[in-house]
Amino acid sequence: MRLTFLGTGTSCGVPTIGCQCAVCQSTNPKDKRLRCSALIETSTTRLIIDCGPDFRQQIMPHPFRRIDGILITHAHYDHMGGMDDIRPYCQFGEINVYADPLARQGMLQMLPYCFAENRYPGVPAIQLHEIHKHEPFSIGDIGITPIEVMHHDLPILGYVFTQFASSTTVHPSSMTSQELVYITDMKCIADEELPFIEGCDTLVVNALRQKPHHSHQTLAEAVAFARRVGSRRTYFIHASHDIGLHDDVNRQLPADMQMAYDGLVIDV
């Protein structure tokens, strides 16, 4: 599997409108952060995690090919405010979108014209699938298990990904050993979720800033979480301008952890 970080910023993006801090004034491209989203690809399958308001800008540099699924973590605008921009991809057929009951309801409210009985021509053709924590499913040759994390008092989804040996075989014995865990907007997590994550090959997890926040992990909390689950390598996302300059933060991190940045591509 290949993961491309389409966006690694928090809800306001970086630079933040009107801010004159060192991060927002930085000329380093790694300090420019669009809203969080990611592209996961194998040779046969293409998935998007979250489709925020920067989606059009994020996807334009990439080849125009079918999207096999869009996975929504939760119903906040910065994670699904760009759903209308998937319209061009509907020429390949309906777009399968996967969301838990809360996010599904949020999408129905945000995009009612996509689900009306009499839809006007040109609206996104969305096939909305309701998913639940700990209930695995597959899209193409990628196995997906939703897990639950807490965004303050809101339960949201993280995702565990495993590539199968082929797109037609989904028995657990066909899985490769590589695993990717993607978590955003987490403040805390229940112990029952940890067996799905422990010992993962690659962990992607949120680290908002240095100072405590009521609904997001700090960088120190994210580092501690990565150590707790024993990931082989860790990338931090959903960072605000308050976290500091990308290169400065990276120099302070352990060798197996780093700040992700928009456009970073990793193989899992």
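This is a predicted model: local features need pLDDT of at least 70, side-chain atom pairs count only at pLDDT 80 or more; totals for chains, interfaces and linings use all residues.
Let me begin with Phe 64 and Tyr 89, whose rings form a tilted pair, with 4.8 Å from centre to centre and 45° between the planes. This pair links distant parts of the chain, since Phe 64 lies in the loop between helix H1 (55-59) and strand S4 (69-71), while Tyr 89 lies in the loop between helix H2 (77-80) and strand S5 (95-99), 25 residues apart. As for how accessible these two residues are, Phe 64 has a relative accessibility of 41% and therefore counts as partly exposed, whereas Tyr 89, at 4%, counts as buried.

Phe 64 also pairs with Phe 92, and this pair is again tilted, at 5.1 Å centre to centre and with 50° between the planes. Here too the pair links distant parts of the chain, with Phe 64 in the loop between H1 and S4 and Phe 92 in the loop between H2 and S5, 28 residues apart. Phe 92 has a relative accessible area of 34%, so this residue is partly exposed.

Taken together, Phe 64, Tyr 89 and Phe 92 are linked by ring pairs into a cluster.

Finally, there is a contact of another kind: Lys 30 places its charged end over the ring of Tyr 261, 4.7 Å from the centre of that ring.

Note on methods
Residues are numbered from 1 along each chain as its sequence is written. Side-chain values use heavy atoms; hydrogens and water are left out. Rings of Phe, Tyr and Trp (its six-membered ring) pair if their centres lie within 6.5 Å; planes under 30 degrees apart count as stacked, over 60 as edge-to-face and the rest as tilted. Helices (H or I, at least four residues) and strands (E, at least two) are DSSP runs, numbered from the N terminus. Buried means under 20% relative accessible area, exposed over 50%, partly exposed in between (1.4 Å probe, protein chains only). A charge sits over a ring if NZ of Lys or CZ of Arg is within 6 Å of the ring centre and within 35 degrees of the ring normal.
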